[in-house]
Amino acid sequence: MRSSIPRVILAWSFVPFAVGSSVHVLALGVSSPLAAPTKLFLMPLLLIPVAVMSRRLAPRAAIALLVSAIALSWLGDAAGAFFGFAPELPTMLLFFGLAHIAYMLLFAIHARLRRLPLWTLIYGAWWVAMLAVLGSHVGALIIAIALYGLVLAGTATLAARCHPLTVWGGILFLLSDSILAFRLFLSEGMPAWTSPAVMATYAAGQALIVAGVLLTLSRARDSQPLAAVAP
């Protein structure tokens, strides 16, 4: 019963993010002016579950990495709004790249639960395929896109060692950026519905990553007293 209570609390703490994400995706789908401002609220709403569960989480370094990843994702979302003086795409790639590095450190050091599955080799194939398809369309950004793709594949790969929710979160995050890449560089062949699809998969991916990490860190906190008295 004790372990089920935090799970219920955790589930309810995601409701504001779920509502905000739904409003944003719907606004994108109908080309509403609400799309831009609602996007800025998504990552702050995702900090609510972290705050709710903070007293049950350990270690603190893991919490710092999780909060950093969410905050850097927020800056990536807001690149156009907050950094209008800089080119939007490189600025967005910079902040999301840093967010992915924070996630990779979190997954590799604090949230891993199993060995790396063999099926994650597909992420290497994804990287090669994306460069092959987009290479002639990205121009001078080819090096930045290649490096960012490595970071994306690395995040999804390391997520595969974590809680199942985090595994699926990494897959959806990669899917979101894949759709976005095609929208940015091959826009003439992309239907309008792919715009809300980018944000739907992004929001779901972020939520699943955070939920899986919170459950893992909470379980690690609960197991510490047992470890302390173990012979």
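Helix 2 (residues 15-29) and helix 4 (residues 42-53) pack at about 160°, and their axes lie 8 Å apart. Helices here are DSSP runs of H or I with at least four residues, numbered from the N terminus, while axes are lines fitted to C-alpha atoms over the stretch in contact, with angles running from 0 to 180 degrees between N-to-C directions. The model is a predicted one, where local features need pLDDT of at least 70 and side-chain atom pairs count only at pLDDT 80 or more, though totals for chains, interfaces and linings use all residues. Residue numbers start from 1 along each chain as its sequence is written, and side-chain values use heavy atoms, leaving out hydrogens and water.

Helix 2 and helix 4 are therefore roughly antiparallel (over 145 degrees; under 35 counts as roughly parallel). Their crossing is left-handed, that is, the near helix is turned anticlockwise from the far one by less than a right angle. On the helix 2 side, Pro16, Phe17, Gly20, Ser21 and His24 meet Leu42, Met43, Leu45, Leu46 and Ile48 of helix 4, with contact meaning heavy atoms within 4.5 Å. By class, that contact has seven nonpolar, three polar and no charged residues (Ala, Val, Leu, Ile, Met, Phe, Trp, Tyr, Cys and Pro are nonpolar, Asp, Glu, Lys and Arg charged, the others, Gly among them, polar).

Next comes another helix pair. Helix 7 (residues 88-109) and helix 9 (residues 142-159) pack at about 30°, axes 9 Å apart, and are therefore roughly parallel. This crossing is left-handed too. The contact counts 13 nonpolar, four polar and no charged residues.

The largest cavity holds about 220 Å³, a volume being the space filled by probe spheres set on grid points joined across faces, edges and corners. Of its 20 lining residues (an atom within 4 Å of a point), Ile145, Tyr148, Leu152, Asp177 and Ala181 sit nearest the centre. Helix 10 gives the most to this lining, six residues.

The largest pocket (an open set with protein on both sides within 12 Å along at least five of seven lines) holds about 510 Å³. Lys39, Glu88, Met92, Leu180 and Met199 lie nearest its centre. Its lining divides into 15 nonpolar, five polar and five charged residues.

Note on methods: Helix = DSSP H or I, 4+ residues; strand = E, 2+ residues; numbered from the N terminus. Parallel < 35°, antiparallel > 145°, perpendicular 65-115°, else oblique. 1 Å grid on protein atoms, 1.4 Å probe; cavity = no way out; pocket = protein on both sides within 12 Å on 5 of 7 lines; lining within 4 Å.
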